[in-house]
Amino acid sequence: MELFTNLAYGFGVAFSLQNLAYCFAGVALGTLIGVLPGVGPLVTIAMLFPITFHLPAVPAIIMLAGIFYGAQYGGSTTSILVNLPGETASAVTCIDGYQMARQGRAGPALATAALASFFAGCVGTLLIALAGPTIGEWALKFGAAEYSSLMLMALVASAVMTQGDAVKGLAMVVLGLIIGVIGIDVNSGMARYSFGVPELIDGIGFTVVAVGLFAVAEIVANLESREPREVYTGKVTGLMPTARDLRDAAWPAARGTVVGAGFGVLPGTGPALSSFATYMLEKKLARDPSRFGRGAIEGVAAPEAANNAAAQTAFIPMLTLGIPASATMALMLGALTLQGIAAGPQVMVDKPDLFWGLIASMWIGNFLLVVLNLPLVGLWVKLLTVPYRWLFPSIIVFCCIGNYSVNNNPFDVYLCAAIGVLGYLLVKLECEPAPLLLGYVLGPLLEENLRRALLLSRGDPTVFLTRPISLAFMIATVLIFIIMVVPTVRAPRRPA
Amino acid sequence: MKPDLRNNRDFIAGLLFAVIGALAVALAHDYPMGTTMRMGPGYFPTALGAILFLFGLYVLARGIRSAERVKGTWGARALALTALSILLFGFLLDRAGMVPAIVVTTLVAAAAGREFRLKEVLLLAVVLSVFSAAVFSYGLKLPYPLVGGY
Amino acid sequence: MRPPFICRVLALMLSACAASSALAQAPYPAKPIRFIVGFPPGGTNDIVARVLAPKVSEYLGQQLVVENRGGANTAIASEMFVRTPPDGYTIMLNAPGYATNPSLLKLNFDSIRDFAFITLAAESQNLLVVHPSFPPRSVKELIAFSKKHPGDINYGSSGIGTTVHLSAELFQYMTGTKWVHVAYKGGGPGLVALLSGEVSLYFGNVPTVIRQARAGKLRAIATTGAKRTPAAPDIPTVAEAGVPGYEVSTFYGVSAPAKTPRPIVDRLHAEFVRALNAPDIRERLQGLGADPVGNTPEQYTAFMQNEIAKWAKVIKAAGIKGE
C-alpha cells in the first residue's frame, strides 16, 4: 500500500544520524522550555531561527517541530507540581493535576500525562500520514458560522466546568468573557476597555491571566493561614500509575485525542480550547463527576492527550495548505520559505523526503519524549519535598521572568500582580478560576465569529441553521442545554 | 443578630460581580451599539456587563440570606508582599538588570511566608540568579541585562 | 558572616559600572547592539530582522540582538525606543504600522523628529488575489464588476490598519468602488477565509499567496507596488492595469533614536547596505517576498514623511478610527 512505502521511506530519512540527533535536540529543548512559564516554543524557535539557515531543510524542520510538540510534554510538569501552567494548553491540567500532587500522587499524574501525550502524539502523527490533505480541506469548510456555533456550544457546556456553586461558576465565565473583550475589536478596529494604555490595546495575555489566577493566587492562599498548612502531603503513594489509574485514564485519553486532533486543525482556535473541551466532555461522561477538581486522573489524561494531538495536527494546515495556524507555525513556515521550500499542496509531491521524514520523526520524537520524561518523574516528585518556603519564591521568580518574556514589557509583570490579587480574592470567595479562564478564551472567538457571520450574511440569522456543520453544532448546543437543565429541575443541584 | 457583611462570602462575591458588571456597562456606553443583527463593538460588552451585574445582585442577595462566612482569614500581609515582590521585579528588570531583580523579588516574596531566615533566603536568591542567568541568558540567549539597566 | 556576600555583590556592581564607562571610550561598536522589533516573534517583520541580524553582526564585529517588543502595531516598541540613549547601541526595524499609527493612535512621540532614519532595507508588495469562483480576471474587469455590485463584494484583511486592509481601502478610494470589509485576526485566518470562498478578494503578501495562486487555488490579479515584483514578473501592477498612481508597499526600514551621532548612523548605513548586497541575504529576502533596497538616510526620511502623509489621507477618507 502506498502509505506503507511512504512511511518506510520517511523512516529511512528520519533514522539518519543527523536527523535523529536534531530530533532529540529539539524534543529535549522543547521539554525544558515547556516547563518554564511564558518562555515557550515561539520565543525559542525565534532564537534558533538563524541556525536554520546553515542547516539543510529536513533536520531544521525536524528540530523546530520537536521543540513545538515537545513543549506540550513539559508544560504539564509545572501545571501538576505547582499549579503553574507552563504552556497555555496545560492550564486545564492544573485543575486535577495539582490536586493529585497535593494528595501525594504527583508521580502517577506526571506519568499519566506523559503516556497520554505519547498516545495522542502517535495517533496525531498517524492522522497526518493517513489523511493530512483531506483533513486540511475539511478545515476549510469551517467558516464564521461554524466557529460561532462551536463556540456557543462550548459556552453552554461551560457550566459543566464548575464544581460547586453553579451561579458563581457562570458568573466567573461571564467575568472571563468580559476580560477577553479588553483590547482591539477585530471587526471594527476600536480599542475597548484599554483606558488609553497602549499595552492593553492587544488585550491581556493568556500567560498573565493563567499565571496570576492559578499560580499566584494559590501561593498566597497557601501562605495566608497562620497555622502551617500542609501544601503537599508527605505520604507519596508511588511514582507510577496503578493499573486502576491506567484503566481509568485510557478512554479519556482516547477521547481527548479525537477532540484535540479536531481542534488542532482549525486555525485560530488556540491550544487551550481543545483541553477545556475534553475536560468538560469527560466530566459530563464520568459516573461520578464530583471527583473532577479533586484529583481525578481523567482530568489529567484527557487534556494532556488533547493538547498533544492538537500540537500534531496543527502541522496539517501548514504542511498541506501553507497556512500557519499560529505565530509559532508562521515562524516554521518562514524557516521553510527561507530554505526555498514552498509549503502548500505540492509539498507532498515536490519534497517527499521533507514531508514523510517529518512525519516519521514526529513519531520518533514522541517516543523519545516518553523515554525522556518517564524517568524524570522521580526527579520532579523529589522537588516537591523541598520546603515550601524555598519553593514558592522560586515559583514567583519564574512567573515573573515568564510573564516578562512574552513581550519584554514590565507591564505584563505588573498586570500579573494585579490579576494575582484578583485571583486570590476570588479563591477566598470560593469562585473557581477555571471557568473564568474558559470564558476568557471563548469570548473573543465567539464574538468575532458571531459578528462576522452576521456581517457575511448581511444580518440574516438563519445562516447558523442553513449551513450543515453549523446546524449540527446548534443542535448539539440545544441538546447539551437540555441535558444540563433537566436534572437540575428535577433534583436541585447539590454543591459538590 | 446583625449579619457580619464584611465576612459574608457570597455578599462580597456578589458585590464584586455587580460592581464589575456595572463598570463594564458604564465604560462601554460610548461604544457604538448597532443592532442585534449588526452588532457594534459596544453590544457584547454591554450585554455581558449587564448579565454579570444581574448575577452579582443574585449572589449578593443570596449571601445576605445564607450568611456563609469566608473560610479562614484574609491573608492581607501575604497578599501585599507577594504582589509587591512581583511588581518590584517588573520595575527592576529594565532598570537594574535581571540579577538584582531576582534578588529583591526573592527577598520580598520570602518575607510573605511564615518564616524568614535571612541566610537561607539570600542563598536561594543566589541560586535562582545563577540558574536563571544560565538558562535564560546563556542558554536561550534572551536579551536581558544581567546587572545594570538597558 | 554576611559581609562577604554583600561585598561580592557590591564588587560585581562596581565592576559593571567601570566596564560600561570603559566601553564608552572604546571604538563603536564595543558591545552588542539591540535590534528592536515592534512585533512578537513570527511575523514577516520579525523574520526579516532575524535574516539581517547575523550578517550585519558579522560586518560590525558585534552581535546584533533581536529584541521583540510587541504591542499596538509597533507603537509600544517605538515609545520605548525613542527614549533609549542615542549612542548607536539601540536600533529599530520600522514597519508600515509606523506610518499609519500617527493617524490612528495618540502617540507620545514624533514619528519623524524622534528618529534618525538609517536606510530602507527592503520593500515588499501585496498581491491582489481572488477566489477562483469570482468572475473578474483583471483590474479593469474588477472595477466594472464592483461598480455593478456595490456593497455586495466581501474582501478579507489580516486586521484593521494592516497593509492588507489599507491596500484595499486605497483601491476603493482611487476607483470609487465599494466593497465590504471582513477583518480577521492575522494573515492565517484571512487566507483560510479566501481559500474557502468566505471572502472573494484579498490583498495578501506575495510569498504566502503566490504559492496558492500558482497551484490554481486562487487567481492573481495584480500587485500593489510601483513596479512589478521579481517574484512574479508576469503579474501586472495595479497602477499599470488600470489605476495609475496606485502604490502600496510594505517597508522594512532601520532607524536609530534622533540625535544619534552622524558617524554612527553612517557606519550602520554602510554595513546594512553591504549586508543587503550580499547574495545570500538577497536570496533570503526575496524568498520572503521582500526586495532589498538600501537607500540613503535622506531618501528614507523623505519616504517616511511621504508615507505618513499618504496614509493619513486614506485613513481619513475611509473613516477608520483608532483609539
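Val130(C) stands opposite Leu201(C) in β7(C). The model is predicted; local features need pLDDT of at least 70, side-chain atom pairs count only at pLDDT 80 or more, and totals for chains, interfaces and linings use all residues. Residues are numbered from 1 along each chain as its sequence is written, chains are lettered from A in the order in which they are written, and side-chain values use heavy atoms, without hydrogens and water.

Strands here are DSSP E runs of at least two residues, and helices are H or I runs of at least four, numbered from the N terminus. Two strands pair if DSSP finds at least two bridges between them. β4(C) and β7(C) (residues 201-205) run antiparallel, joined by five bridges. With β8(C) (residues 219-223), β4(C) pairs antiparallel over four bridges, and Leu127(C) faces Thr223(C) there. Nine bridges link β4(C) to the antiparallel β9(C) (residues 249-257), where Ala256(C) is the partner of Ala116(C). Of the 16 residues of β4(C), 15 are buried (under 20% relative accessible area, 1.4 Å probe, protein chains only).

The contact between chains A and B (heavy atoms within 4.5 Å) takes 70 residues from chain A and 71 from chain B. Six salt bridges cross this interface (a side-chain nitrogen of Lys or Arg within 4 Å of a carboxyl oxygen of Asp or Glu). In one salt bridge, Arg62(B) meets Asp165(A) at 2.2 Å, N to O. Among the elements that give two or more residues to the chain A side are α8 (166-181) and α17 (388-407). α17(A) gives the most, with 12 residues.

How values were computed: Buried < 20%, exposed > 50% of the residue type's maximum accessible area, 1.4 Å probe, protein only.
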